[in-house]
Amino acid sequence: MRNTVFNPIGTVALVTGASSGLGAGFARELAERGADLVLTARRQDRLEGLAVELTEKYGTVSTVIPLDLAAPGAVAELVADLHTRGITVGTLVNNAGFATYGDLVDADPVRLAGEVALNVTALSMLTRALLPDLIQTSRTQPASAALVNLASTAAFQPVPKMAVYGATKAYVLSFTEALWYETRKSGLKVTAICPGPVDTEFFEVAGRSADSYRGLLTVADVMRTTFTALDRATTPPHAVSGLRNSVFAQVAGRLPHRTVVTVVGRMNRSGPTA
């Protein structure tokens, strides 16, 4: 076991969107640090495969709950299932989310509604439901509990062609930073992780090719950013993954808003779609 500040050993961590990509990365890192897992996503077979891997490699226990959190009533169903099983969650990683690409006028309204339901509503309601347990765990076992919400560098400026996605991630960033302040005396580690484009299935789901982006981050890059933030004595309200992305996020906050929107719009309209 590595010498770390954030030490969730003996607690349970819930990871949403855990079937692949960043979600699976979060699960592996948390299991390596000694946490048992609750893994939820739509694809049961992948979750079960990951659960077996974590048990064999780290000796942790994983509970698999296949669920589409964008569906009406899904968060309440998940919380009720946890209560029935007697599981108290000490760390919550709200990783589940997806993007749509294209002009809003051409977008499928049902797809957009699902995007908002998953990226914003499910994240908010699951956080509200589990926050008392997260805070209680942080008080009884210091430095063992965390709330990690996956935002994006898209949160720092509007994103033409991905207008809804960018807006949902701006919400996640604002929401998480507010909670960071509200819970600052509890000992709970709260942070929003803001990666740029990552080499995962994200682009396939969004309907855009990853070939249009340079310098894609890896899952390992984002895990390093996340757990470096959690290992700090005072966890920052947000952390940007990648030096280039961090610089861009800072610059975006200083340039005239119209300039930023224009630059991002020109960048995002180029390149092939999937």
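Rings, burial and cores in a predicted model

Modeller: Of the contacts (heavy atoms within 4.5 Å) in the protein chain with a separation of 6 or more, 73% are between residues 24 or more positions apart. This is a predicted model, in which local features need pLDDT of at least 70, side-chain atom pairs count only at pLDDT 80 or more, and totals for chains, interfaces and linings use all residues. Residues are numbered from 1 along each chain as its sequence is written, and side-chain values use heavy atoms, with hydrogens and water left out.

Colleague: What makes phenylalanine 6 and phenylalanine 227 a tilted pair?

Modeller: Rings of Phe, Tyr and Trp (its six-membered ring) pair if their centres lie within 6.5 Å; planes under 30 degrees apart count as stacked, over 60 as edge-to-face and the rest as tilted. The centres of phenylalanine 6 and phenylalanine 227 are 6.4 Å apart and their planes stand at 35°, so the pair is tilted.

Colleague: Which parts of the chain does this pair tie together?

Modeller: Phenylalanine 6 is in the segment before β1 and phenylalanine 227 in helix α7 (residues 219–230), so the parts joined are 221 residues apart in sequence. Helices (H or I, at least four residues) and strands (E, at least two) are DSSP runs, numbered from the N terminus.

Colleague: Why is the pair of tyrosine 171 and phenylalanine 175 called stacked?

Modeller: The angle between the planes is 15°, with 5.6 Å centre to centre. Both residues are in helix α5, and being four residues apart they are separated by about one helical turn.

Colleague: Why is phenylalanine 175 called buried, and what is tyrosine 171 called?

Modeller: Buried means under 20% relative accessible area, exposed over 50%, partly exposed in between (1.4 Å probe, protein chains only). Phenylalanine 175 has 19%, so it is buried. Tyrosine 171 has 33%, so it is partly exposed.

Colleague: How do you know that the charged end of arginine 184 sits over the ring of tyrosine 181?

Modeller: The rule asks for NZ of Lys or CZ of Arg within 6 Å of the ring centre and within 35 degrees of the ring normal. The charged end of arginine 184 is placed over the tyrosine 181 ring, 3.7 Å from its centre.

Colleague: What makes a set of residues a nonpolar core?

Modeller: The members are buried Ala, Val, Leu, Ile, Met, Phe, Trp, Tyr and Cys residues joined through side-chain atoms within 4.5 Å. The largest such core has 37 residues, and Leu126 is one of those with the most contacts inside it. Helix α4 (109–140) is among the elements that each supply at least two residues, and α4 gives the most, with eight.
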